[in-house]
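This briefing covers a few local features of one protein chain.

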Amino acid sequence: MDLLNTLVEKGLRRELPTREEALAVLATPDDDLLDVVAAAGKVRRQWFGRRVKLNYLVNLKSGLCPEDCSYCSQRLGSKAEILKYTWLKPDEATRAAAAGVAGGAKRVCLVASGRGPTDRDVDRVSQTIEAIKEQNEGVEVCACLGLLSEGQAGRLRSAGADAYNHNLNTSEGTYGAITTTHTYADRVETVHQAQAAGLSACSGLIAGMGESDSDLVDVVFALRELDPDSVPVNFLIPFEGTPLAKEWNLTPQRCLRILAMVRFVCPDVEVRLAGGREVHLRSMQPLALHLVNSIFLGDYLTSEGQAGQTDLDMIADAGFEVEGAGTTTLPRHRAEAGGGCAAHSEGGGTQADGCGSHSGGCAPCGDGPGAEAAAAEAAEVPAARTDLVSVRRRGAGTDLAPNA
């Protein structure tokens with residue numbers, strides 16, 4: 001297929017595809033799916049070999065959020081029966097993080113619901129970061145606390161934070177249909193603040209809200225311009241009790257095409273398979289490892305993932321290896337330059353729940369933009385699999401052992 005040959009050549013040169021080429025990836029038929037995976041897999045292996053980075057989420061504060069992001073189980077007015085608790089103490093958070101590190105996680109992602117942290121919150125999280133770093137040599141720490149105020153990113157960096165996550169989630173044109181309590185521009189500004197403070201930026205998207213292919217390409221190209229080092233790709237978990245509970249628009253095949261498109265647009269960036277993989281990819285998760293080079297181990301913020309050991313077995317059985325703490329994740333040219341999605345941009349500019357599990361909006365809901373495209377695929381979408389949506393009842397905020 002000429003399209004795939006062209007995309008592989010561009011990916012190996014770190015040259016970005018055109019918008020039309022990215023759209024064509026999403027439009028490929030299921031009969032060509034394995035060809036798409038194989039092509040994107042060549043690009044993934046060029047820059048990351050067969051390594052898989054493991055990340056571990058610690059939900060520092062669950063629920064009780066004043067924001068109205070339609071997809072989120074922690075949102076204002078959510079009736080989802082999730083765990084709700086205020087800030088974990090630093091020693092509680094550190095114990096939770098230790099479980100993930102013991103399971104093989106290289107990065108710990110500290111997430112808290114809410115619009116953004118107060119200065120007191122930043123002090124609290126800083127103490128947790130320092131404790132985690134002291135007890136776990138070489139571990140990376142990413143914070144995801146919402147919109148940052150001036151100076152807060154620098155304080156987190158001084159405490160030892162390596163990265164900051166704040167997802168764009170959807171295109172600028174559709175953002176207002178998902179969230180009204182803050183703006184797309186607010187999110188972009190927070191990512192810029194993190195970058196200016198020397199933190200590695202992590203920013204991604206959520207797919208599966210009935211968005212069109214154009215919406216998906218818009219947000220991925222916007223991420224390219226924003227230049228994060230890691231791009232988490234979430235697939236909507238339609239929690240009962242949220243406005244998007246009925247949005248079951250994804251097939252495993254569409255999820256793989258989305259991941260392939262992200263890899264072609266951001267060939268040398270850490271692409272992370274995040275929330276919703278168990279729900280939507282199901283038995284096809286191992287194929288996704290040929291596209292992404294990073295996953296979350298175990299559970300997410302408010303939902304449970306598959307067993308941590310199952311994740312490790314999946315990686316080994318698929319012929320991949322867990323990335324060690326002494327290995328630099330990013331290719332040398334990115335690590336030395338401090339980031340960048342690709343070296344040669346055709347359109348100008350350069351290049352992921354909190355740190356990856358539904359902590360930003362995604363696409364329009366209901367009859368907003370993209371509804372027509374979703375309706376066109378409705379006949380191919382399987383029945384809702386609510387049996388696969390499991391609310392987290394273990395780990396942080398409970399007396400039960402975490403899944404790691």
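This is a predicted model: local features need pLDDT of at least 70, side-chain atom pairs count only at pLDDT 80 or more; totals for chains, interfaces and linings use all residues.

Two bridges join β8 to β9 (residues 294-296), and the two strands run parallel.

**Strand β8 and its other neighbour**
- Strand β7 (residues 230-235) also runs parallel to β8, joined to β8 by four bridges.
- Opposite Glu270 in β8 stands Ser230.
- Between β7 and β8 the chain passes through helix α9 (residues 252-265), and this β-α-β crossover is right-handed.
- Within β8 (residues 270-273), Glu270 and Arg272 point one way, while Val271 and Leu273 point the other way.
- In a regular strand, side chains alternate between the two faces of the sheet.
- All four of these β8 residues, Glu270, Val271, Arg272 and Leu273, are buried.

**Helix α3**
- Helix α3 (residues 33-48) has 16 residues, which at 1.5 Å a residue should span 22 Å; its end C-alpha atoms are 22 Å apart, so the two values agree.
- The buried residues of α3 include Leu33, Val36, Val37, Ala40, Val43, Arg44 and Trp47.
- Residues three or four places apart in an α-helix point the same way, because there are 3.6 residues a turn.
- Gly49 follows α3 and has a positive phi, near 60°.

**Lys61**
- Lys61 lies in strand β1 (residues 51-61).
- Lys61 is buried but has no salt bridge.
- The nearest side chain of opposite charge is that of Asp121, 6.6 Å away from Lys61; a salt bridge would need a distance within 4 Å.
- A polar atom of the Lys61 side chain lies 2.8 Å from the backbone oxygen of Ser113.

Technical notes
Residues are numbered from 1 along each chain as its sequence is written. Side-chain values use heavy atoms; hydrogens and water are left out. Buried means under 20% relative accessible area, exposed over 50%, partly exposed in between (1.4 Å probe, protein chains only). Lys and Arg count as positive and Asp and Glu as negative; His and the chain ends are not counted. A polar contact is a pair of N or O atoms within 3.5 Å; within protein, one must be able to donate a hydrogen and the other to accept it, and residues adjacent in sequence count only if both atoms are side-chain atoms. The expected span of a helix is 1.5 Å times one less than its number of residues. Two strands pair if DSSP finds at least two bridges between them. A crossover is right-handed if, with the strands pointing away from the viewer, the path from the first strand over the helix to the second runs clockwise.
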